[in-house]
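Please examine the sequence and the structure first.

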Amino acid sequence: MIKVEWLYWLIGLVFVVMAVQMAMDRSNPNRWTSAAFWGLLGLTFPYGTGVANATAGNGGWTLPAEPLGVAVLALIVLAGFNFLGKGVPVTTTGEQREAAAARLGSKIFIPALTIPLVAIVCASVLDESGLFESGKATLLGLGVGCIAALVVGMLVTGEKKVSVPIHSGRSMLEAMGAALLLPQLLAVLGSIFAAAGVGDQVGDIMNKVLPDDSKYFAVVAYCVGMFLFTVIMGNAFAAFPVMTAAIGWPVLIQQMHGNEPAVLAIGMLAGFAGTLCTPMAANFNIVPATLLELKDQYGPIKAQLPTGIALLGCCTVIMALFAF
């Protein structure tokens, strides 16, 4: 049985390998601190397994949580004081890239499409096969899809050296920097807000404002709340526990008997609409502008804003009509 921890270890190994590459790259002015950041991050993945085992009382090795907390603080210091840098990427010339683009054409999209295809097959067909850890087929399918996409990409492009995609991935990692960790940090922030009772306080305010037994007002409040909280916090996963604890679960599901999967899934999609419209989602909206060398760093947000607003409206209407 393939366990999800194995996927985490593989991700950690990739970070460690790229950290070694950074340490050897003399074109990076901050090569040692950059290597320390990504290498330390990579080591937290297998170490986190030991901490999780100790917390949950699982079998296997157990490790204390305190060093992991120190590692997180070290990552914050390295990123916060701008100790991360990037070297000169090892890549082909512009003429070579244009020739490769003309040769490959639409085939370049095959590796990207491989990831969701494999993930869907694993989640829908292999979930009950016993091949994957129970309840983790979707996540493991995503990991298997990424590995399959790497193989397919090398076959499509005719690349024979694994070091080439690893170097390219490292260049992308350096370009994104610490913004890569924003989704995880913001998701943790949402859990902290939920544990602190922010959702309950928002719920109390909404109960005083919303008309009694008004399904449509409650749906609008939930969807728009998910949208706005995501814009503020930068991640729908951070907004979800707050708004669901405030409106989604107590009002739409328990009080108005909404269909649980429909209400929660559509509510999350309304949050994703907010992701399209916020600079707080730097890894989605600001980093791409940097990678593409756009003159306007807010260009992606301006282009996505109409889609985000339209998607919010669609989510609200669909939930109101079909989730009850």
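Valine 14 counts as partly exposed, since its relative accessibility is 37%; under 20% relative accessible area would be buried, over 50% exposed, and partly exposed lies in between, with a 1.4 Å probe and protein chains only. Valine 14 belongs to helix H1 (residues 4-24). Helices here are DSSP runs (H or I) of at least four residues, numbered from the N terminus. Between the C-alpha atoms of valine 14 and threonine 290 there are 23 Å, although the two residues are 276 positions apart along the chain.

The model is predicted: local features need pLDDT of at least 70 and side-chain atom pairs pLDDT 80 or more, while totals for chains, interfaces and linings use all residues. Residues are numbered from 1 along each chain as its sequence is written, and side-chain values use heavy atoms, without hydrogens and water.

**Aromatic pairs**

The whole structure contains six aromatic pairs. Rings of Phe, Tyr and Trp (its six-membered ring) pair if their centres lie within 6.5 Å; planes under 30 degrees apart are stacked, over 60 edge-to-face, and the rest tilted. Two of the pairs are listed below.

| Pair | Centre distance | Plane angle | Arrangement |
|---|---|---|---|
| Phenylalanine 37 and tryptophan 38 | 4.8 Å | 85° | edge-to-face |
| Phenylalanine 81 and phenylalanine 83 | 6.4 Å | 25° | stacked |

Phenylalanine 81, by contrast, is exposed at 59% relative accessibility, and phenylalanine 83 is partly exposed at 36%.

**Helix packing**

The axes of helix H10 (residues 215-233) and helix H12 (residues 260-275) come within 7 Å and cross at roughly 40°. Axes are lines fitted to C-alpha atoms over the stretch in contact, and angles run from 0 to 180 degrees between N-to-C directions. H10 and H12 are therefore oblique to each other, a term for angles that are not under 35 degrees (roughly parallel), over 145 (roughly antiparallel) or 65 to 115 (roughly perpendicular). The residues of their contact (heavy atoms within 4.5 Å) include Tyr222 and Phe227 in H10 and Leu264 and Met268 in H12.

Helix H13 (residues 282-291) packs against helix H14 (residues 299-322) at about 130°, with the axes 8 Å apart; this pair is also oblique. Asn285, Ile286 and Ala289 in H13 meet Pro300, Ile301 and Gln304 in H14.

Terms used:
Helices (H or I, at least four residues) and strands (E, at least two) are DSSP runs, numbered from the N terminus.
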